[in-house]
Amino acid sequence: MHRSGFVRKGIALGSAFAASMLLTVGHLWADGQYALSNQWEKARERLQLLEDYSNPYTFQQLEQASIQKGWTCLDAGAGLGGVTRWLSDKVGPDGQVDALDMETVFLEEIDKPNVHILKKNLVTDPLPEAKYDFIFARDVLMHIPEREEVVHSLAGALKPGGILMVEDIAILPYGVPYQRLTDDAVLNTTMQNLISTLEEYGHLSFHSGYKNIFYFEDAGLVDANAHSFSPFARGQSSEAKMRHLSLLQLTPVFLKHGYNAETVEQVRQHFLNENARFWGFVRVITTGRKPL
Ligand SMILES: C[S@@+](CC[C@H](N)C(=O)[O-])C[C@H]1O[C@@H](n2cnc3c(N)ncnc32)[C@H](O)[C@@H]1O
């Protein structure tokens with residue numbers, strides 16, 4: 001792992017500030033755990049920000065999938081349930097939407113008769129075979145190291161002719177000049193290092209969006225297709241505030257792997273600077289169909 005001299009210089013894990021950051025995030029983190037649990041006290045706010053900036057684009061893509069009244073759908077890793085609600089309206093009273101998540105605390109609030117809540121882990125719990133006309137998963141596979149196996153399992157849960165649509169993120173390296181988060185080279189390098197640490201230890205992939213199409217084809221899905229979209233973002237935007245909160249929740253990962261709390265905080269604060277401007281995460285939509 002590469003770290004800037006700035007980071008090394010700042011290591012002060014015993015500092016009162018580091019201790020207060022651990023208290024703020026509320027728990028110690030162990031390698032291999034899902035680092036962005038929905039049980040975190042600010043999880044609702046974080047997931048709402050994710051929905052605020054993602055839903056308009058996602059709903060455009062879902063419109064193109066020609067989802068029909070009466071279909072049976074799965075929202076895999078449904079989070080706060082915004083997509084579940086959209087699918088519920090689309091399939092109507094004769095359809096069904098299964099909202100699956102390993103932490104269903106927010107989904108329990110959905111009061112729609114055609115929505116069924118499934119508390120399941122996509123890695124360890126089997127899915128029903130050939131049940132669904134349409135399966136959707138947004139920003140879920142990027143959190144699951146076994147994502148290739150999960151694509152196979154989702155493909156198995158499709159009816160013949162059923163459609164799988166996965167939305168996942170990707171990033172370009174922040175070293176590319178136009179992709180910099182900031183003109184401050186040290187801060188930029190630190191951000192890149194934090195991402196590398198999350199990829200190495202935090203179970204997150206910032207490239208899964210680009211990989212899914214290959215998993216789709218290997219799982220036997222046909223007409224597999226993918227395209228991407230990257231919004232330009234500014235400090236204080238929903239994406240910036242979501243990244244600001246995510247970095248707070250992920251702070252135990254960084255502290256455990258030798259970062260200084262003040263350094264993480266400095267990167268976090270950048271996203272609240274209204275003069276900040278940067279390319280947002282690339283959002284990759286992959287679709288494929290189970291053969292008839
Ligand atoms: C970043 S959130 C995305 C939520 C929602 N799809 C959205 O885009 O608004 C990731 C969600 O996936 C869930 N998740 C992560 N790993 C999972 C697993 N192995 N099985 C089931 N759900 C999982 C998390 O609990 C969380 O709700």
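V222 has R289 as its bridge partner in β9. Strands here are DSSP runs of E, at least two residues long, and helices are runs of H or I, at least four residues long, both numbered from the N terminus. Two strands pair if DSSP finds at least two bridges between them.

How many of the 8 residues of β6 are buried? The count is 0, and β6 is hardly covered. A residue is buried if 20 or more other C-beta atoms, placed from the backbone, lie within 10 Å of its own.

## About the model

This model is predicted; local features need pLDDT of at least 70, side-chain atom pairs count only at pLDDT 80 or more, and totals for chains, interfaces and linings use all residues. Residues are numbered from 1 along each chain as its sequence is written.

The chain has 10 helices and 9 strands. Of its 292 residues, 42% count as buried.

## The sheet

An open sheet is formed by 7 strands, in the order β3-β2-β1-β4-β5-β9-β6, with mixed pairing. At the edges are β3 (115–119) and β6 (222–229), which each pair on one side only. From one strand to the next, the twist averages 15°. Such angles run from 0 to 180 degrees between N-to-C directions, with axes as lines fitted to C-alpha atoms, for helices over the stretch in contact.

Strands β1 and β4 run parallel, joined by 3 bridges. L74 has I135 as its bridge partner in β4. Helix α4 (residues 82–91) packs on the sheet and touches β1, β2 (96–101), β3 and β4. The direction of α4 makes about 165° with that of β2. Contact means that the C-beta atoms of two residues, placed from the backbone, lie within 7 Å.

## Helix α5

Which residues of helix α5 (residues 147–156) are buried? They are R147, V150, V151, L154 and A155. These residues cover an arc of only 140° around the axis, so they lie on the same side of α5. The arc is that of the directions from the helix axis to the C-beta atoms. An α-helix has 3.6 residues a turn, so residues three or four places apart point the same way.

The cover over the buried residues of α5 includes β1 (72–76), β4 (132–138), β5 (158–170) and α7 (208–218).

Methods:
A residue is buried if 20 or more other C-beta atoms lie within 10 Å of its own, exposed if 12 or fewer, and partly exposed in between; C-beta atoms are placed from the backbone.
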